[in-house]
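Open the model in a viewer and keep the sequence panel beside it. The stops below each begin with a selection and then say what is found there.

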Amino acid sequence: MYEPDPVITCIDCGGRAHLNGHPPEEGWQPGMLTMYRCEDCLDGWYLEVPDWDDF
Ligand SMILES: [Zn+2]
């Protein structure tokens, strides 16, 4: 099952952006949006769950 990274690097300021919220009960599916919040600039980032069949 796909697990998003709990922390990513903020695209704007290089700070730490933390995954927000809880995984959906049915698990992450391709095309779902994960939401990250940067602890430095407080910007929100939405990342689409990749289609892991491509890997
Ligand atoms: Zn930031």
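Select β3, residues 33-38, together with β4: five bridges join these two strands, which run antiparallel. Strands here are DSSP runs of E with at least two residues, and helices would be runs of H or I with at least four residues, both numbered from the N terminus. Two strands count as paired if DSSP finds at least two bridges between them. Within this pair, pick M35 and look across to Y46, its bridge partner in β4.

This is a predicted model, in which local features need pLDDT of at least 70 and side-chain atom pairs count only at pLDDT 80 or more, while totals for chains, interfaces and linings use all residues. Residues are numbered from 1 along each chain as its sequence is written, and side-chain values use heavy atoms, with hydrogens and water left out.

Now widen the selection to the sheet. Four strands form an open sheet in the order β1-β2-β3-β4, with antiparallel pairing. β1 (7-9) and β4 (44-48) are the edge strands with a single partner each, so one side of each has no neighbour in the sheet. On average, neighbouring strands of this sheet are turned by 35° against each other, direction ignored; the axes are lines fitted to C-alpha atoms (for helices, over the stretch in contact), and angles run from 0 to 180 degrees between N-to-C directions.

Go back to β3 and select T34, which lies in that strand. Is T34 buried or exposed? At 3% relative accessibility, T34 is buried, where buried means under 20% relative accessible area, exposed over 50%, and partly exposed in between (1.4 Å probe, protein chains only). Leaving aside residues up to four places away in sequence, T34 touches P4, L19, W28, W45, Y46, L47 and V49; contact means heavy atoms within 4.5 Å.

Next, select I8, C10, A17, Y36, C38 and W45. These six residues make up the largest nonpolar core, a nonpolar core being a set of buried Ala, Val, Leu, Ile, Met, Phe, Trp, Tyr and Cys residues joined through side-chain atoms within 4.5 Å.

C38 is buried, at 0% relative accessibility. With residues up to four places away in sequence not counted, its contacts are C10, C13, R16, A17, D43 and W45. C10 sits in the loop between β1 and β2 and is buried at 3% relative accessibility. C41 is partly exposed, with a relative accessible area of 31%. How many disulfides does the structure hold? The count is zero, a disulfide being a pair of cysteine sulfur atoms within 2.5 Å. For a distance check, C10 and H22 are 12 residues apart in sequence and 20 Å apart in space, C-alpha to C-alpha.

Now select R16 and E39. The structure holds one salt bridge, defined as a side-chain nitrogen of Lys or Arg within 4 Å of a carboxyl oxygen of Asp or Glu. R16 and E39 form this salt bridge, with their closest N and O atoms 3.3 Å apart. R16 belongs to β2 (residues 16-20) and E39 to the loop between β3 and β4, so the pair ties together parts 23 residues apart in sequence. R16 is partly exposed at 46%, and E39 is partly exposed at 41%.

Last, select L42, found in the loop between β3 and β4. L42 has a positive phi of about 65° although it is not a glycine. Most residues other than glycine have a negative phi. At 55% relative accessibility, L42 is exposed.
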